[in-house]
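User: Please take me through this model feature by feature, giving the general idea before each case.

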Amino acid sequence: MKKGKGITILCIVMACILSLGYYASIILSSTGRGENQNIILGLDLAGGVSITYQIVDEDATAEEISDTVYKLQRRVEDYSTEATVVREGTDRITVSIPGVTDANDILEDLGTPGSLEFQDPDGNVVLTGDDVETATARYVTNNGMNQAIVELQFTDEAAEIFSDLTANNINKRIPIVYDGETISSPEVNEQISGGVASIENIGTFQEAETLASQIRIGSLSLELEELTSQVVGASLGEEAISTALTAAAIGLALIIVFLIAFYWVAGVATSLGLLIYATAVVAVIYLFEITLTLPGIAGIILGIGMAVDANVVINARIKEELALGKSTAAAIKTGYQKALSAIIDGNITTLIAAAVLAVKGSGTVKGFAYTLAIGIILSMITALVVTRYTMYAIHAAGFQDVKYYGAAKERKVVDFLSKRRVFFVISIAAIAAGFVAEAVNSAGGKGAFNYSLEFAGGTSTTVDLGRDYELSEIDSEIVPLINDALNTSEVQVQKIADTTQVIFKTRSLELSERETFAQLFEENYSVESSAISYQNVSQTISKEMTSDAIWAVVIAVILMLIYIWFRFDDFRFASSAILALLHDILVVLTCYALVRISVGSTFIAVMLTILGYSINDTIVTFDRIRENMKSRLKVTESELKEIANRSITQTLSRSINTSVTTFVMVLLLYILGVASIREFALPLMVGVISGTYSSVCIATELWFEMKIHQKPAKQAQKEPKPGAKKKKK
């Protein structure tokens with residue numbers, strides 16, 4: 001590449017950073033403030049109400065459910081234009097209303113059967129929606145023109161009443177009123193007998209369909225049962241966004257300083273690519289209208305940390321090639337070529353985890369999966385395209401001396417495999433501690449894990465008391481009042497650190513009991529209803545979420561096993577990698593059991609993130625082992641051990657650097673994040689440490705044990721049995 005072309009590319013890269021940065025700043029500055037150019041926020045960020053209903057009627061038809069969805073959609077649009085009503089599965093309807101505050105009124109109003117009335121010109125109700133069997137929109141031909149009408153079919157009993165109604169109101173209008181609003185007022189031209197009537201002069205066919213649906217809705221009486229409801233305050237979202245952005249900015253700055261200090265010119269190129277990556281993530285989330293949730297924010301922050309990984313692998317390869325005496329141009333080219341397979345394999349396995357998460361997770365967890373997938377894809381693009389050409393451009397601009405890149409220093413090979421049994425004992429002890437903690441917790445009646453409401457069911461009420469109460473005060477003063485008011489004896493109390501908020505976990509509360517709960521705090525502690533939020537989860541959802549969590553992990557592991565087996569053409573690589581993943585999962589479960597972190601909807605996201613992160617680290621090491629063994633058809637046990645130790649040593653700096661950058665991002669998220677994100681970040685930090693440990697001290701060691709104790713099937717068949725004579729040629 002010539003100098004002029006290099007300078008041009010650098011100018012283009014800087015222009016992209018400035019334009020994307022400006023675009024992202026507009027999006028972020030308007031998000032949460034109601035302006036047009038903003039990211040869609042989930043209920044946990046924007047505040048509002050989310051309710052899932054179970055349709056009680058077992059024989060409800062698709063048309064009846066569709067009509068009910070439409071009825072609820074009409075109702076919730078009065079509260080928020082962004083409200084949505086969707087059908088879930090075959091017998092559930094979920095209503096989401098962001099930005100509302102009168103939650104109890106909404107909960108009481110939603111699901112109430114709408115009233116449809118046929119009135120005479122004096123306003124008297126003559127027929128109701130129950131008297132209508134069907135209402136259908138269709139076209140009729142009138143003077144050669146298609147005309148949209150709504151055809152009504154009344155019940156046999158109502159047919160005679162309707163006949164009398166039309167006979168007494170010829171040339172007059174009959175108002176059709178739905179929930180107090182006149183939706184149509186057709187004029188009667190003649191007496192209508194037989195129970196079949198048509199409404200004409202409607203307008204478009206779509207308007208006819210809407211009117212027919214409204215009339216059908218009025219005749220329905222589907223019983224809806226509340227399965228889950230969630231009420232959150234908007235202030236949570238503002239705080240979460242602010243702290244997450246702060247964590248991202250600080251973390252990004254620290255990573256850039258680290259990259260430049262460690263990799264020099266290559267670090268500058270990587271940093272420029274990282275800036276494009278970070279701003280592009282914001283733009284893509286906005287353009288594809290991905291709803292951002294608390295776990296989604298965590299996914300973005302985590303993605304920034306993981307985005308460094310591909311560049312670290314590449315930069316480490318370049319320094320190794322320079323150490324072999326190659327020119328900087330040749331080292332850059334070869335470095336990218338040798339790093340390609342590890343980057344692709346590692347990112348695809350992480351994408352597998354994100355895909356499973358998107359399919360098996362709930363709404364907020366899906367948001368995390370989408371942002372994680374976006375981060376992985378964009379990190380590959382920026383590393384393999386943007387950063388690559390930026391590095392070529394910097395090289396062409398005059399930075400061609402080896403001193404600007406730094407050659408890798410030869411490191412003494414560390415004998416990790418000789419200590420493998422010590423590593424195994426440490427891992428077994430950590431995992432055993434988790435099982436012991438689970439048994440002790442269960443024996444104490446607390447449950448093996450601190451299951452949140454998504455898994456255990458019940459009602460969690462968060463109250464901002466206005467001042468920091470001691471736990472002893474809450475137990476002695478407030479809990480007895482709750483017990484008396486709700487006639488319950490089991491109230492779990494949890495304080496939210498660094499706030500005046502307290503979480504009270506109780507059995508499932510009915511709407512009237514929630515109002516009693518709110519009244520109790522209003523009268524005794526001057527707490528306004530807006531400072532109280534609720535979350536209800538039924539046992540039905542809990543069982544489904546538990547099943548989803550298990551199947552998500554199982555499916556992800558199976559798919560990863562198949563992919564690694566296919567890519568490395570050796571089941572021992574795949575099986576040892578999966579065993580290392582199982583190790584990481586069990587270590588994180590130990591953390592959940594010992595620290596009593598809440599096991600909730602983000603639990604699945606934590607586990608699959610750890611799966612993706614850990615497998616990525618392991619694959620880089622395995623890729624180096626595969627490379628070092630390419631030229632050797634047969635190796636002795638000592639040679640195999642030397643190759644394994646050398647491969648771990650060669651990739652050690654990469655493992656440490658990637659882990660440090662990822663850990664820093666998650667640590668900042670834990671320090672600066674709100675309580676919900678802290679519960680997400682803490683086990684992730686444990687997972688990052690465990691994943692790094694297993695990649696260096698467990699995975700390769702397991703592969704080595706399998707390699708020396710299990711011969712490939714083909715090789716075993718070819719080798720003669722002991723004592724057998726060899727045939728002469």
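Analyst: Helices (H or I, at least four residues) and strands (E, at least two) are DSSP runs, numbered from the N terminus. Just after helix α8, Glu289 takes a positive phi of about 55°. This is a predicted model, in which local features need pLDDT of at least 70 and side-chain atom pairs count only at pLDDT 80 or more, while totals for chains, interfaces and linings use all residues. Residues are numbered from 1 along each chain as its sequence is written, and side-chain values use heavy atoms, with hydrogens and water left out.

User: How many helices and strands does the chain have, and what percentage of its residues is buried?

Analyst: The secondary structure comes to 21 helices and 17 strands. Buried means under 20% relative accessible area, exposed over 50%, and partly exposed in between (1.4 Å probe, protein chains only). Of the 729 residues in the chain, 52% are buried. Contact means heavy atoms within 4.5 Å; among the contacts in the chain with a separation of 6 or more, 76% are between residues 24 or more positions apart.

User: Why is α8 described as largely enclosed, and what is the distance between its end C-alpha atoms?

Analyst: The expected span of a helix is 1.5 Å times one less than its number of residues. For α8 (residues 265-287), with 23 residues, that gives 33 Å, and the end C-alpha atoms are 33 Å apart, which agrees. Because 19 of the 23 residues of α8 are buried, the rest of the structure largely encloses this helix.

User: Which strands form the open sheet of three strands, and which of them stand at the edges?

Analyst: Two strands pair if DSSP finds at least two bridges between them. The order in this open sheet is β6-β7-β10, with antiparallel pairing. Strands β6 (132-142) and β10 (196-199) stand at the edges with a single partner strand each, so one side of each has no neighbour in the sheet. Neighbouring strands of this sheet are turned by 30° against each other on average, direction ignored. Ten bridges link β6 to β7 (residues 145-154), and Thr136 stands opposite Glu151 in β7.

User: Are the residues of β1 buried or exposed?

Analyst: Eight of the eight residues of β1 (residues 48-55) are buried. Gly48, Ser50, Thr52 and Gln54 point one way, and Val49, Ile51, Tyr53 and Ile55 the other. Strand β1 runs antiparallel to β3 (residues 92-98), joined by seven bridges, and Ser50 stands opposite Ser96 in β3.

User: What is in contact with Ile478?

Analyst: Ile478 is found in helix α14 (residues 471-486) and is buried, with a relative accessible area of 0%. Leaving aside neighbours within four places in sequence, Ile478 is in contact with Leu465, Glu473, Phe504, Phe521 and Tyr525. Asn524 is 46 residues from Ile478 in sequence, and their C-alpha atoms are 9.4 Å apart in space.

Methods:
Axes are lines fitted to C-alpha atoms, for helices over the stretch in contact, and angles run from 0 to 180 degrees between N-to-C directions.
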